[in-house]
Structure formats: C-alpha cells, structure tokens
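Below is a short briefing on one protein model.

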Amino acid sequence: MKVSLATKLIVSFFGVVALTGFVATFVGLRLIGRGIIQQAQDKVRLDLYSAHEVYYENLRRTETTLEFTVVRPSLQDALEREDKEELKAILTEVKEKGELDILTVLDRDLRVVCRANNPAVFGDSQANDNLIQWVVREKKVVSSTEIVPHEELVREGGNLAERATIKILPTPKAKPSRKEVETLGMMLKAAAPIFDQSGEFIGILCGGNLINQNYAIVDKIKDIVYHGEKYRNKDIGTATIFQGDLRISTNVPTASGERAIGTRVSSEVYDQVLTKGSWWIDRAFVVNNWYITAYEPIGNLNGEIIGILYVGMLEDKFVDMKNRTLLILLGITLIGVMVAMIVSYLLATRIVKPIKYLVYGSQQLAKGDLTYRVKLKSKDEIGELGETFNYMASSLKERDDRIKQFAQREIMKSQRLASLGQLAAGVAHEINNPLGAILIYSNLLLEDIHEKGPLRHNLKRIVHETNRCTEIVKGLLQFARKTEPRMEPSDVNELLNDVFSVVEKQAQFQNIAVSKNLSPELPTVMADKGQIRQVFMNIILNAAEALNGKGDIILATRLASTDHFIEIEFTDNGPGIPSEDLDRVFEPFFTTKDMGTGLGLSISYGIIERHKGSIFVKSEPSKGTTFVIRLPAKGEETKK
Ligand SMILES: Nc1ncnc2c1ncn2[C@@H]1O[C@H](COP(=O)(O)OP(=O)(O)OP(=O)(O)O)[C@@H](O)[C@H]1O
Ligand SMILES: [Mg+2]
C-alpha cells in the first residue's frame with residue numbers, strides 16, 4: 001500500500017504528541033489523585049487531634065467543677081452533719097451549672113450519702129469503682145472514661161438507664177455479633193476527695209456525663225473542625241464516639257438522615273483500633289458512605305480500650321475533585337493533541353507541496369519535456385532542491401541538444417561519404433575504358449616513334465600520367481567496391497606485425513622509432529586479412545609522411561572496455577590535423593600533399609565499415625594524431 005509522505009509526517013507528529021500527552025496525563029492523574037487523597041488524610045489526622053482536645057477538655061472541665069465544689073465549706077459541713085437536704089441543694093446547683101448528668105457524694109466509707117438526681121436511693125457502697133479506689137489511694141482528683149453498669153445507671157436516676165439502652169442495628173461490614181441491645185453506659189467521669197477543715201478525708205464527690213445519645217461533644221467537634229461545611233447537602237465532617245464498636249454518640253447520618261446510633265464500626269477498624277489499640281487513618285466505609293477517616297482508641301483509667309473516638313470527611317468531595325482534575329487534564333491534553341494535529345497538518349502540507357511540484361517536474365522531464373522548470377520560492381533546502389532541479393534540467397537540455405547536433409553531423413557525414421562514393425565509382429567506371437584506350441594507343445604510338453624522336457619524351461609523359469590516372473581510378477573503385485570482404489578468423493597483432501615488417505626497411509622509417517604495445521590476450525576477429533593489412537599500411541604511411549622522416553609512432557591493441565570490440569590505435573607525434581580538417585580526412589580526394597590522391601583514408605573507411613567496425617581520429621595540432629579502429633571481437637559481430 002502506498003502511504004503518502006504527508007500522511008506519514010502527520011501520523012508521526014500526531015503519534016508523538018498523543019503519546020507524550022497521554023503519558024503526561026496518566027502520570028499527572030496518578031500524582032494529583034494521590035496528592036489529593038494524601039492531603040485529605042493529613043487533614044483528617046489533624047482533625048483527630050482537635051477532636052481529641054475537645055473530648056479531653058470535657059473531662060478536665062468535670063474535674064475542675066468537682067475541684068471547686070469539694071473546697072466549699074458548706075459541702076464539707078453538710079457532709080459531716082449528713083444533712084441530706086443541704087447536700088441535695090448544693091449538688092443540684094453544681095450539677096446544673098456544670099451541666100453534669102450525675103453528681104453524687106460519698107462518705108469516708110465510700111457509701112453513697114446523696115445523689116443529686118435520685119436522693120431517695122443511698123447507702124450503697126462504691127468501693128468497687130476504679131475511680132473511687134484511685135482517689136482513696138492517691139487523695140487527688142481524677143477523671144477518665146468509664147463503662148457504667150446498667151444497675152448503677154438505674155440507681156443514678158433520671159433517664160440515664162434509658163439513654164444508655166441502645167438497640168443494636170445490623171451494619172454492613174461490621175463484625176458479626178448476636179447481641180441485640182446494649183444496656184451499659186459510657187461515662188466521662190471524675191472524682192475528687194473531700195477533706196474537712198483539719199484536712200481529714202471525709203468523703204468523695206463524684207460526677208460525670210453519660211455519652212450515650214448525648215451529642216454535645218460530637219457536634220462541638222463538627223462545629224470546631226468543619227464549621228458545619230456541607231457538600232451536596234451532606235455534612236462533610238462527622239465525629240463519633242464508640243462504646244466498644246457501637247455508635248453511641250454520632251453525627252454520621254443513616255440513609256434516612258437520622259443519627260446512626262446503634263450501628264457498629266467496620267471489622268477492619270475494629271481489629272486495628274479496638275484489638276491492637278493503634279490509630280486508623282485511611283478511607284473506611286462508615287454506615288453507608290465512604291469516608292476518609294481517623295480513629296483513636298479511648299481507654300479507661302486502667303488502660304483498657306473501651307471505645308473509639310472518630311472523625312471523618314466524606315470522600316465524595318475529594319473523589320469529585322480528583323475527577324474534575326482528571327477532566328481538566330484530559331481536556332488540556334485533548335486540546336493540545338488537536339492543536340498539534342492542525343499544526344502537523346499545516347507543516348506537513350507545507351513540506352510536501354513543493355515536493356509534489358518536484359515530483360511533477362521530474363515526471364515532465366521523464367516524458368521528455370526538458371524545458372519544464374519548477375518555481376519554488378522558499379529559501380530553505382527545498383528551495384535549493386528546486387534550483388538544483390532546474391539546473392539539472394538545463395544541463396540535460398544542453399546535453400540533449402549537443403547529442404542531437406552530433407548525431408545529425410554524423411549522419412550527414414556518412415551520407416555525404418556514401419553519395420561521394422557512388423559518384424566516384426560511376427565516374428571511375430566511365431573513365432576506366434577510355435583510359436585503357438588512351439594507354440593502348442599511346443603505347444602503340446610510342447612503339448612507332450624512333451628512339452631519338454623529338455616527340456618521344458612528351459609521349460612517354462602521356463603514358464606515365466595515364467598510368468597515374470588508372471591507379472586513381474582503381475583506388476576509387478576500391479573505395480566504392482560493392483564486393484563483400486572474405487572473412488576469416490584473424491589475429492590483429494599478427495596483421496600489424498606483417499605490415500610493420502614490410503615498412504620498417506624503407507628509407508623514410510630510418511629515423512622513426514616505432515614502439516608496440518600489443519595486448520597478448522586479444523581475441524581473434526573475423527576479417528579479410530588483405531584489406532585490413534591495406535588499412536594498417538595506409539595509416540602507418542600517413543603517420544610516417546606526417547612525421548617527415550623523424551619522430552615516434554606507437555602501435556597499440558587492446559580489448560575495449562565493453563569486451564565486444566578490440567581497439568587498434570596508431571599514435572604519432574607529428575604536426576597533427578587542424579580542427580577544421582578533422583571532419584574531412586575521410587573524404588575521397590581530400591589531401592594536403594602535392595602528390596597525394598586523398599584516397600588512402602577514404603578507402604580505409606570503406607573497408608572498416610564493411611567489417612562492421614568503426615574508425616575515428618583524434619588530433620591536437622603540433623602535438624600529434626591518433627587513429628583508432630574498432631573491430632567486433634569474434635562471436636560478437638551479431639551483437640553490434
Ligand atoms: N598522421 C597524420 N598526420 C597529419 N595529417 C594526416 C595524417 N594522416 C592523414 N593526414 C591528413 O589526411 C589527408 C588525407 O590522407 P589520405 O591518406 O586520405 O590521403 P593522402 O595521404 O593525402 O594521399 P595518398 O594516401 O593518396 O597518398 C592527408 O593529406 C593529410 O593531410
Ligand atoms: Mg595516405
């Protein structure tokens with residue numbers, strides 16, 4: 001399948017941008033998502049510190065209330081006198097001012113003297129109570145969270161036992177439990193020793209708040225920490241106090257919007273906080289929503305874990321925040337990718353357009369329109385390419401023109417030679433017979449004239465010139481001879497040596513150095529040996545004549561680079577041929593010599609042509625002349 005350059009460019013641009021975009025988005029999302037949740041968790045951890053403060057502040061306040069009360073002489077006095085009416089009045093006043101659920105005074109034997117809520121019940125011993133034992137031992141005020149038995153709550157009166165009785169509701173993810181109702185209470189309790197004026201221990205004042213279904217603390221935590229902030233109509237922040245794993249005071253709502261009293265903590269948190277006694281800071285499923293939560297164990301005076309303090313934020317807000325960030329990031333990436341696509345499209349078309357021009361231009365050149373030129377104005381590599389293209393086209397055109405001219409000249413030359421040959425042959429044939437007659441008759445005349453006759457000299461001259469004419473005519477007939485050469489396998493080196501051995505003895509070769517550079521691996525050629533010898537002789541004699549008896553001749557043979565031809569080269573360092581004559585040396589009768597016929601080279605030309613070979617000349621005036629003959633190697637004739 002052919003894919004265009006523009007498509008490739010666009011696809012690769014787009015690919016890179018999309019890949020980096022989406023990798024960046026993915027990494028960004030993970031980092032941001034994690035960051036948001038991490039931040040929320042850090043905040044909830046701090047919130048738990050605040051909740052802790054609110055919770056224990058409550059305990060301290062109860063402690064303080066008791067401390068201030070036990071130093072009141074009226075209390076000491078009333079206790080010593082066991083004046084129950086007086087005690088009841090004092091306790092009721094303090095209980096109301098201090099917003100306490102219970103306030104009870106014990107005598108030095110740790111028996112109840114008066115209960116603010118329930119003065120009718122008294123005389124029972126509190127000696128088994130942890131806090132009371134601690135005060136007896138230490139003679140100091142103390143406070144802690146304690147589990148209070150149902151009977152004690154009943155004795156304390158008011159609606160405490162009722163408030164503590166909580167129906168346990170089925171809760172998803174909580175630990176399995178068969179218990180249906182909780183009747184124990186959880187109390188923020190304080191106790192302070194009472195001394196008389198002489199500093200003697202005379203009793204204990206004991207007070208506290210029942211946490212069960214009392215929402216003061218959790219709502220205060222919510223207000224202080226979350227300022228009642230809402231998200232989609234739900235409170236973001238929630239706080240809970242657990243008795244064991246049971247929600248006894250909370251502002252976490254159920255599905256119907258009531259406080260989720262009676263539901264229980266998830267079993268995961270149970271194991272971590274109630275069993276192991278450590279904090280839990282993570283997301284957790286609370287009642288029926290996911291929250292980012294923090295849980296802290298609550299211990300009693302003996303250090304046993306009896307409950308949990310919890311704060312949590314609805315996860316929705318953070319999930320939405322994460323999703324919004326995701327959308328924004330994705331949006332930015334998408335816009336970026338789209339912009340990149342547009343830019344890559346524009347860039348690709350800008351790059352590809354001039355290339356298309358060039359392709360079109362090349363096609364025009366290939367079709368033969370060498371005048372086609374591209375117009376590219378850009379000043380970059382593409383522009384350079386355009387200029388180079390145009391330059392190439394001009395060079396091609398120039399070369400094409402030169403080749404055409406050359407071919408035309410060559411055709412004209414061979415046509416001229418052919419028609420000259422025909423003309424010469426015709427003339428020669430016509431002249432041959434009359435010449436014969438002239439010779440016969442002038443010879444007859446010569447016989448008749450006396451040895452010393454005055455006409456004899458002129459007559460001899462006629463016979464001589466007529467003989468010369470006969471020679472010329474013979475040469476002309478040879479040039480235009482129609483008879484095919486008698487071909488036989490011939491060794492060109494041998495033929496050259498034959499010719500050389502004949503001429504070297506002649507006087508005009510005395511001062512000419514002939515060197516031979518003959519290839520020993522020359523293939524044989526099919527040739528008429530006599531005719532080829534005649535050609536070689538002609539060229540060597542021409543060289544010797546040009547050298548005028550002094551100089552160098554080099555004879556060389558070789559296999560041409562194409563392997564289908566052998567080349568024979570004759571080089572002399574004579575005066576050379578003027579360039580205006582170069583084209584004419586093969587014409588019949590072209591000669592620069594007084595006694596020359598001008599037929600030597602034209603006859604040679606005819607012979608080589610009939611051998612399906614070629615002959616040509618190179619010359620530089622005053623440096624020398626080289627004739628080159630090419631003959632097809634044996635077995636290659638047909639390939640020409
Ligand atoms: N080696 C050469 N150096 C310089 N000129 C040459 C050489 N060979 C040929 N010529 C030129 O080419 C012309 C034609 O040569 P060609 O052999 O056809 O005739 P010719 O030698 O003049 O006469 P003929 O061969 O009849 O004696 C010569 O007159 C000469 O001017
Ligand atoms: Mg000659």
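Directly after helix α13 comes N548, which has a positive phi near 55 degrees. The model is a predicted one.

**Helix α13**
- Helix α13 covers residues 529–547, a run of 19 residues.
- From first C-alpha to last, α13 reaches 27 Å, close to the 27 Å expected at 1.5 Å a residue.
- The N-terminal end of α13 is capped by D528. A side-chain oxygen of D528 lies 3.2 Å from the backbone nitrogen of G530.
- Buried residues in α13 include I532, V535, F536, I539, I540, A543 and L547.
- An α-helix has 3.6 residues a turn, so residues three or four places apart point the same way.
- At the other end, α13 gives way to N548 with its positive phi.

**The five-stranded sheet**
- Five strands form an open sheet in the order β2-β1-β7-β6-β3, with antiparallel pairing.
- The edges are β2 (112–115) and β3 (142–148). Each has a single partner strand, so one side of each is left without a neighbour in the sheet.
- On average, neighbouring strands of this sheet are turned by 25 degrees against each other, direction ignored.
- Strands β6 (residues 185–195) and β7 (residues 201–210) run antiparallel and are joined by nine bridges.
- A191 stands opposite C206, a residue of β7.

**Helix α1 on the sheet**
- Helix α1 (residues 5–70) lies across β1 (102–107), β3, β6 and β7.
- The angle between α1 and β6 is about 30 degrees.

**S344**
- S344 belongs to helix α9, which spans residues 315–367.
- Is S344 buried or exposed? S344 is buried, with a relative accessible area of 2%.
- Neighbours within four places in sequence aside, S344 is in contact with I10 and F13.

**Cysteines**
- How many disulfides does the structure hold? The structure holds zero.
- The cut-off for a disulfide is a pair of sulfur atoms within 2.5 Å.
- C114 is buried, with a relative accessible area of 2%.
- C469 is partly exposed, with a relative accessible area of 34%.

Terms used. Residues are numbered from 1 along each chain as its sequence is written. Chains are lettered from A and ligands numbered from 1 in the order in which they are written. This is a predicted model: local features need pLDDT of at least 70, side-chain atom pairs count only at pLDDT 80 or more; totals for chains, interfaces and linings use all residues. Side-chain values use heavy atoms; hydrogens and water are left out. Helices (H or I, at least four residues) and strands (E, at least two) are DSSP runs, numbered from the N terminus. Buried means under 20% relative accessible area, exposed over 50%, partly exposed in between (1.4 Å probe, protein chains only). Contact means heavy atoms within 4.5 Å. The expected span of a helix is 1.5 Å times one less than its number of residues. A polar contact is a pair of N or O atoms within 3.5 Å; within protein, one must be able to donate a hydrogen and the other to accept it, and residues adjacent in sequence count only if both atoms are side-chain atoms. Two strands pair if DSSP finds at least two bridges between them. Axes are lines fitted to C-alpha atoms, for helices over the stretch in contact, and angles run from 0 to 180 degrees between N-to-C directions.
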